[in-house]
Amino acid sequence: MATMADFRTSEKSWWCPGCGDFGVLAALQKALVELATEPENVALVAGIGCSGKIGNYINSYNLHVVHGRSLPAAQAVKLANRELTVLAAGGDGDGFAIGMGHYMHALRRNVDITYVVMDNQIYGLTKGQTSPTSDGGFHTKSTPNGNIEKSVNQMQLAIASGCGFVANGLSSNQKQLVQIIKQAIQFPGFALVNTYSPCVTFNKVNTYDFYKSELVNVDEDPTYDRHDKFAAMKMLMEHNELVTGIIYEDPNSTRYEDLVKGFKPEGIVNQKWEVDDETWNKVLAQYK
Ligand SMILES: Cc1ncc(C[n+]2csc(CCOP(=O)(O)OP(=O)(O)O)c2C)c(N)n1
Ligand code: SF4
Ligand SMILES: [Mg+2]
């Protein structure tokens, strides 16, 4: 059985000391170990950003794609080989600025992948610009007079768009984040694991201390019903998305894969071709 060491690489880390992404990486590796997953059965598709470098540090299949395109690539990988555990990962800019169009449609499509977002409410890699999840009034190089745009509420958006698993973790709360990621991977359909993953270099407002004092943990509330969509939306709206835990889970999720007529249970890579040479050559001839 694979250990934590099996999921590590020898790549030197790019991340600043104290970056929240270290915690997300460790939780992801631990979740994969605890689920008895082997590195050769995992495919991680990462976008561009400090967060997108996570794929360099996990020993698995790793696709580092163009900015904002982790979701289309990850869905394609899953449809081609459904035996793989497919993860997509990236930052708030990657997912909710340039990648927003793909986010919306992946949510409602419900292919069985897990999307791990490292939300630091800023563009870290490009040295500190306002992102779609930055708070109003936030001062950065790109908004020197304070952010005047409203922020994206990615978890409410996910629920409203039909996503069946919506969770949020804090990168420093390993115990909770490992549990969340494990359940997300086991969920039959698209699972959003948002994380607050502080950028210690460029965001001096949304710090570890800020999140620790502001976050409400639904996992600690025995009266909270994660299957109640209205309660989930209310919770997120009331607390301005500063909520951790498994916020919404659809007990009746049906995967995209299960609805495609004629879609075979085994991945394309393991299917036998049922086309004879003559037919195949005729098809090819059309493209000459
Ligand atoms: C098409 C394209 N546009 C812009 C960029 C520049 N760029 C690289 S990363 C990034 C934003 C990163 O922010 P985020 O996704 O929040 O990741 P973080 O670095 O904060 O983890 C931008 C705008 C790019 N690489 N490609
Ligand atoms: S710049 Fe921010 S997000 Fe990027 S590695 Fe450093 S602390 Fe992390
Ligand atoms: Mg960011």
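The model is predicted, so local features need pLDDT of at least 70 and side-chain atom pairs count only at pLDDT 80 or more, while totals for chains, interfaces and linings use all residues. Residues are numbered from 1 along each chain as its sequence is written, and chains are lettered from A and ligands numbered from 1 in the order in which they are written.

The chain contains 10 helices and 8 strands; these are DSSP runs numbered from the N terminus, helices (H or I) having at least four residues and strands (E) at least two. A compact globule of 288 residues would have a radius of gyration near 19 Å, and the 20 Å of the chain agrees with this. The radius is taken over C-alpha atoms, and the globule rule is 2.2 Å times the number of residues to the power 0.38. Along its principal axes, the C-alpha trace spans about 65 × 45 × 40 Å. Of the 288 residues, 44% are buried. Here a residue is buried if 20 or more other C-beta atoms lie within 10 Å of its own, exposed if 12 or fewer, and partly exposed in between, with C-beta atoms placed from the backbone. Among contacts with a separation of 6 or more, 72% join residues 24 or more positions apart, a contact being two C-beta atoms, placed from the backbone, within 7 Å.

Ala, Val, Leu, Ile, Met, Phe, Trp, Tyr, Cys and Pro count as nonpolar, Asp, Glu, Lys and Arg as charged, and the others, Gly among them, as polar. Around ligand 2 there are 7 nonpolar, 3 polar and 1 charged residues, including Trp15, Cys16, Cys19, Cys50 and Cys199.

Buried positions in H1 include Asp21, Val24, Leu28 and Leu32. Among the elements covering the buried residues of H1 are strand E1 (42-46) and helix H6 (174-186). After H1 comes Ala36, with a positive phi near 60°.

The largest nonpolar core holds 61 residues, and Tyr115, Val166, Ile181 and Ile247 have the most contacts inside it. Apart from it lies another core of 6 residues, among them Cys19, Cys50, Ile122 and Tyr123. A core is a set of buried Ala, Val, Leu, Ile, Met, Phe, Trp, Tyr and Cys residues joined through C-beta atoms within 7 Å.

Two loop residues complete the picture. Arg82, in the loop between helix H2 (70-80) and E3, counts as buried because it has 20 C-beta neighbours inside 10 Å. Leaving aside neighbours within four places in sequence, Arg82 is in contact with Glu257 and Gly267. Gly146, in the loop between E4 and helix H5 (154-160), is exposed, with 12 other C-beta atoms within 10 Å.

How values were computed:
A residue is near a molecule or strand if its C-beta atom, placed from the backbone, lies within 6 Å of it.
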